[in-house]
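Hi,

Here is the structure I said I would pass on. Have a look, and my notes follow just below.

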Amino acid sequence: MNYFVNEKGYYGDFGGAYIPEMLYPNVEELRQNYLKIINDADFQKEFHALLKDYVGRPSPLYLAKRLSKKYNAHIFLKREDLNHTGAHKINNTIGQILLAEKLGKKRIIAETGAGQHGVATATVCALRGLECVIYMGEVDIQRQAPNVARMKMLGATVISAVSGSKTLKDATNEAMRDWINNPVDTHYIIGSVVGPHPYPDMVSIFQSVISEETKKQLMEQTGSDQPDYVLACVGGGSNAMGMFYHFIGDENVKLIAVEAAGKGVSSGFSAATTFLGKEGVLHGSRSILMQTADGQVVEPHSVSAGLDYPGIGPQHAHLFKTTRAQYASITDEESLEAGLLCTQMEGIIPAIESAHALAYLEKMEFTGNENVVVCLSGRGDKDMQTYMNYFGF
Ligand SMILES: *Cc1c(COP(=O)(O)O)cnc(C)c1O
């Protein structure tokens with residue numbers, strides 16, 4: 001069974017590039033060049049130097065002793081929360097900005113919902129001195145004022161998307177329109193393993209540093225590079241793909257992807273895509289997405305902005321359909337409780353996204369010897385208001 005992309009840009013039944021004809025030249029330029037550029041020795045050297053000295057990699061693999069005792073297993077946390085800017089997203093934006101430079105691009109565009117990907121993009125544009133334009137829904141701009149201020153301070157222009165529901169999908173439409181109008185000098189940085197081929201593959205390659213490091217660290221700490229379980233939360237699925245990447249071929253390593261159930265999978269306020277979704281096309285690729293009977297995208301809900309997405313990347317759809325990975329979901333409340341538990345037992349405040357992966361430990365049963373790796377995709381500073389509202393601190 002092949003779990004990676006084929007020459008046509010597909011993962012089994014999923015993937016491809018479902019794009020308007022006017023975007024074809026841009027996507028085709030990327031498709032023809034991305035592997036050549038990424039595999040070039042100079043690119044690799046520069047990418048890894050920045051990951052080390054700018055992002056702060058390798059991120060630690062931390063054996064969480066008190067959580068281990070509670071769950072009766074060896075619980076390792078992969079500390080993406082310690083990266084510069086506070087999450088895994090910077091791994092991808094560093095990779096893509098270097099790639100954009102190699103393609104001779106002078107201008108970067110991106111879309112953002114909660115603003116995390118916008119901040120990671122504006123950060124690398126400041127680092128490399130490239131013009132940066134971020135599209136964001138008008139409603140999200142109001143909801144996420146601190147991240148808007150960060151992007152502006154970093155030198156980005158934030159453009160408000162005022163059509164439709166004035167949220168992420170409308171910002172995506174505006175960014176697409178911009179890219180169509182600026183095909184020569186502009187690169188579009190997509191923030192997860194979604195979008196037309198080659199984006200899902202490209203983003204997963206940049207994020208695969210997570211599992212590459214984890215294998216080495218497990219070997220040092222446990223004497224084997226194969227844990228029993230690997231867990232990660234899934235919005236679009238980039239931290240999970242990075243965490244799974246080098247374990248996919250190890251069929252005895254169980255992969256668990258945790259989606260956001262929101263207020264409950266049957267509540268009408270959920271983002272549990274594999275549970276609620278059907279096959280279809282979203283944002284340029286064939287995957288699984290939440291949709292009405294006539295194919296309109298259903299508005300998702302999650303307490304965590306990063307998981308509030310109505311689809312999953314095509315490689316996840318393939319891992320789900322082939323059952324190579326197991327897909328589970330965790331409610332808003334379960335995630336907040338798990339976030340508090342991690343904070344008070346390990347002194348680590350996790351992003352609420354990451355707390356979804358931690359919460360799944362409650363649903364597992366261990367015999368005492370299992371090695372379990374949980375991807376701690378980000379830190380919880382950005383979520384303090386939500387934690388405060390829920391717990392009344
Ligand atoms: C954006 C984000 C996610 C969700 O995105 P994926 O592409 O699914 O990884 C998860 N955790 C954090 C901390 C995020 O910022």
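Leu61 has its bridge partner in strand 4, and that partner is Lys78. This is a predicted model, by the way. The pairing of strand 3 (residues 61-63) with strand 4 is antiparallel and runs over three bridges. Strand 4 also pairs with strand 14 (residues 371-376), this time in the parallel sense and over six bridges. There, Arg79 has Leu376 of strand 14 as its bridge partner. As for cover, strand 4 (residues 74-79) has five of its six residues buried.

Lys78 turns up again around Met243. Setting aside neighbours within four places in sequence, Met243 is in contact with Lys78, Ile210, Ser211, Thr214, Val230, Leu231, Ala232, Val373 and Cys375.

Met243 also brings us to the largest nonpolar core, which has 81 residues; Leu99, Met243 and Phe244 touch the most other members. Which helix gives the most to this core? That is helix 4 (residues 89-102), with six residues. Domain 1 (18-49 + 89-203) and domain 2 (56-87 + 208-391) each supply at least three residues to the core. Another core, of 30 residues, lies apart from it, and Leu77, Val258, Leu358 and Val372 are among its members.

One last thing, from the records: an unreviewed UniProt entry lists residues 56-378 as "domain: Tryptophan synthase beta chain-like PALP". Over that stretch, residues 56-378, the chain is 40% helix and 21% strand, with the end C-alpha atoms 14 Å apart.

Cheers

Terms used: Residues are numbered from 1 along each chain as its sequence is written. This is a predicted model: local features need pLDDT of at least 70, side-chain atom pairs count only at pLDDT 80 or more; totals for chains, interfaces and linings use all residues. Side-chain values use heavy atoms; hydrogens and water are left out. A nonpolar core is a set of buried Ala, Val, Leu, Ile, Met, Phe, Trp, Tyr and Cys residues joined through side-chain atoms within 4.5 Å. Buried means under 20% relative accessible area, exposed over 50%, partly exposed in between (1.4 Å probe, protein chains only). Helices (H or I, at least four residues) and strands (E, at least two) are DSSP runs, numbered from the N terminus. Domain bounds come from an automatic or database domain assignment. Contact means heavy atoms within 4.5 Å. UniProt positions are given in the numbering used here, feature names are shortened, and annotations may be inferred rather than shown by experiment. Two strands pair if DSSP finds at least two bridges between them.
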